[in-house]
Amino acid sequence: SAAEVRARCAQGACLVSCHGRLYDLSGFVRLHPGGEQLLRRRAGTDVSAALDGPPHRHSANARRWLEQYYVGEIEPGDEQVPPAARGLRAEQGPGRARPGGCTGDGTYGLCGVPRDLVDWQKPLLWQVGYLGEKYDEWVHQPVDRPIRLFHSDVLEFLSKTAWYVVFMVWTPVVLYLSWVSYTSLAQGNTRLFSSFTTEYSIPVHKYYFPFIFLLGMILWSLLEYLIHRFVFHMKPPASNYYLITLHFLLHGQHHKSPFDSSRLVFPPVPASLVIGFFYGVLRLLLPEVLGLSVFVGGLCGYVIYDMMHYYLHYGSPKKGTYLYGLKAYHVKHHFEHQKSGFGISTRFWDYPFRTLIPEETFKKED
């Protein structure tokens, strides 16, 4: 009943209605890209109009996402109840059948959301390759549930990483290599173009290290964009089981379950292989110390990127700040614009490559 909804909201729950259907968003408020307080202010109200905007017109994926929190419908008869309300349905536990054909296990029948194409009780990595032409649409319909990739508990454990592990593993490496680079440059033996000519080679002083370090960070931001766009968002051929499986392992799993906190940063072991490859490339292109200085700047950029990526999913930046805008931008990439918005730590590269997510066409609310 409407009275029960008001009582639950007074106790701290966040229940909202939409076209007579009731949803419990208590577990989602921290993740909402508009901020927790925005949802808290709407607790106990009808959000039907808010889904159409302004300030934001919610996508089909966002509406599908909402159905995961469906708990029932509200008794008619209260003037504060939405006019489309239908008969009372009791809240039911996870996994049990719910009114309108909904279930709590991430599959939906008559809710307007297709039943899932995989068995969530089994590891997904070996199933997705069989989806074929349905894979691309399926993987870009996000759900709020954890993913299991492997049968093996050991492999499954190694595929998950807490956010602080990246910081703990790579920050000491960045600090140590920065010290090595600076002290090596201080010896005054590093010269640019010395492999081509000794007469016109350019000495690289230790005072240049901050600028070389910054160059490495800028190069990383470009690399971040290119990898995200052309590797993580490649469209695997529908007939190739192995490429579909590889895509899901690299990035598809993140788009399917964008709030799985254990899969938001790159595990250190596979990351070390990729990092080692780029270090080798820089060693071939630049003098040893100079290449190391660029590399350590890029490594620092990677650490910042991974930490920021986690924060954009789980943090609550203050409205109007740079990170607030990036969070909204990145969530739009997940829920509505999967073929644009490839910048994560910065939107800079989306401008020259023309992949910027378009702004809303209507005016914002005061």
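**Close-up views of a predicted model**

Histidine 32 is buried, because its relative accessible area is 12% and buried means under 20% relative accessible area, with exposed over 50% and partly exposed in between (1.4 Å probe, protein chains only). This is a predicted model, in which local features need pLDDT of at least 70 and side-chain atom pairs count only at pLDDT 80 or more, whereas totals for chains, interfaces and linings use all residues. Residues are numbered from 1 along each chain as its sequence is written, and side-chain values use heavy atoms, with hydrogens and water left out.

**View 1. The two histidines of the annotated binding site.** The unreviewed UniProt entry places the feature "binding site" at His32 and His58; positions from UniProt are given in the numbering used here, feature names are shortened, and annotations may be inferred rather than shown by experiment. Although these positions spread over 27 residues of sequence, they cluster in space, with a largest C-alpha distance of 12.2 Å. Histidine 32 sits in the loop between β2 (21-24) and α2 (36-41), where helices (H or I, at least four residues) and strands (E, at least two) are DSSP runs numbered from the N terminus. Leaving aside neighbours within four places in sequence, histidine 32 is in contact with Leu38, Leu39 and Lys327, contact meaning heavy atoms within 4.5 Å. Histidine 58, in the loop between α3 (48-52) and α4 (60-66), counts as partly exposed at 23% relative accessibility. With neighbours within four places in sequence again left aside, histidine 58 is in contact with Ala50, Leu51 and Arg63.

**View 2. Helices α7 and α11.** The axes of helix α7 (residues 163-186) and helix α11 (residues 288-314) come within 9 Å and cross at roughly 160°; axes are lines fitted to C-alpha atoms, for helices over the stretch in contact, and angles run from 0 to 180 degrees between N-to-C directions. The two helices, α7 and α11, are therefore roughly antiparallel to each other, since angles over 145 degrees count as roughly antiparallel, under 35 as roughly parallel, 65 to 115 as roughly perpendicular and the rest as oblique. By class, the contact of α7 with α11 has 19 nonpolar, five polar and one charged residues, where Ala, Val, Leu, Ile, Met, Phe, Trp, Tyr, Cys and Pro count as nonpolar, Asp, Glu, Lys and Arg as charged, and the others, Gly among them, as polar. Among the residues that the unreviewed UniProt entry lists for "transmembrane region" are 162-182 and 292-312, and the span 292-312 is 100% helix and 0% strand, with its end C-alpha atoms 30 Å apart.

**View 3. Helices α11 and α12.** Helix α11 also packs with helix α12 (residues 322-335), at an angle of about 80° and with the axes 9 Å apart, an arrangement that makes α11 roughly perpendicular to α12. On the α11 side the contact includes Met308, His309 and Tyr311, and on the α12 side it includes Leu323, Leu326 and Lys327. By class, this contact of α11 with α12 has six nonpolar, four polar and one charged residues.

**View 4. Arginine 229 in helix α8.** Arginine 229 is found in helix α8 (residues 209-232) and counts as partly exposed at 24% relative accessibility. Arginine 229 touches Met234, Phe342, Phe353 and Thr355, not counting residues up to four places away in sequence. Although arginine 229 and threonine 355 are 126 residues apart along the chain, their C-alpha atoms are separated by 9.5 Å.
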